[in-house]
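Dear colleague,

Please find the structure below, handed over for your study.

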Amino acid sequence: MAVPHGPASVAVARRRLRRDLGDREIPDAVIDDAVLILSELLSNSCRYARPLPIPAALGDEVESAAAADLLDPDLGETGGILVRWQLHGEDLLALEVTDGGAATRPLPARPSMTSRGGRGLGIVGQLASDWGVRDAPGQVTVWALLPVRAHCTPTARSA
């Protein structure tokens with residue numbers, strides 16, 4: 001889905017992901033982790049990266065009517081961010097956020113105990129089985145893989 005480059009898009013993407021995964025009967029624990037990962041990736045994109053230009057943001061994946069959603073005349077916004085998720089079999093959920101890139105590559109920070117931010121990619125690294133950054137001309141994609149089955153395994157009970 002294409003979303004406008006701005007903080008309001010995070011809530012829209014979270015709701016859509018939660019609804020889509022719920023419709024696919026993904027376990028609640030996986031949905032909660034997926035929503036948190038997507039929130040971190042999309043928030044970082046909105047905060048640090050440039051938007052994709054509208055033609056790149058729309059690509060072949062989104063209806064042309066979505067162009068209106070990426071234009072905010074009050075803010076002068078003329079671009080957006082691509083958000084994707086896909087189940088690979090029944091075992092793995094891939095989450096991706098693609099933007100126009102930033103001055104630096106996304107890397108986990110080492111925030112102090114009193115820092116108000118800088119923990120997002122650390123959280124992603126703890127929840128995801130793997131994550132990384134993929135570059136293409138004029139765009140950067142940050143992706144994360146989340147195991148679906150690991151959350152379904154019953155926990156051992158003590159006797």
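Two residues are said to be in contact when they have heavy atoms within 4.5 Å. This is a predicted model, in which local features need pLDDT of at least 70 and side-chain atom pairs count only at pLDDT 80 or more, while totals for chains, interfaces and linings use all residues. Residues are numbered from 1 along each chain as its sequence is written, and side-chain values use heavy atoms, with hydrogens and water left out.

Let us begin with Q139. Leaving aside neighbours within four places in sequence, Q139 is in contact with L52, T98, D99, G100 and R134. The C-alpha atoms of Q139 and G100 lie 4.3 Å apart, although the two residues are 39 residues apart in sequence. Q139 counts as partly exposed because its relative accessibility is 26%; buried means under 20% relative accessible area, exposed over 50%, and partly exposed in between (1.4 Å probe, protein chains only).

Q139 belongs to strand β7 (residues 139-147). Helices (H or I, at least four residues) and strands (E, at least two) are DSSP runs, numbered from the N terminus. Two strands pair if DSSP finds at least two bridges between them. β7 pairs with β5 in the antiparallel sense over eight bridges, and L95 stands opposite A144 in β7. Strand β6 (residues 130-136) also runs antiparallel to β7, joined by seven bridges, with G132 and W143 as bridge partners. In the hairpin of β6 and β7, two residues lie between the strands, and G138 takes a positive phi near 75 degrees.

The next topic is the nonpolar core, a set of buried Ala, Val, Leu, Ile, Met, Phe, Trp, Tyr and Cys residues joined through side-chain atoms within 4.5 Å. The largest such core has 29 residues, of which L17, I37, L41, L42, V83, W85 and L93 touch the most other members. α2 gives the most to this core, with nine residues. Leaving aside neighbours within four places in sequence, L41 is in contact with V97, L121, V124, V142 and A144.

Finally, the structure holds four salt bridges, each being a side-chain nitrogen of Lys or Arg within 4 Å of a carboxyl oxygen of Asp or Glu. In one of them, E96 meets R84, with the closest N and O atoms 3.2 Å apart. This pair links distant parts of the chain, as E96 is in strand β5 and R84 in strand β4, twelve residues apart. E96 is buried because its relative accessible area is 17%, whereas R84 is partly exposed at 24%. Salt bridges that share partners join R84, E96 and R134 into one network.

Yours sincerely
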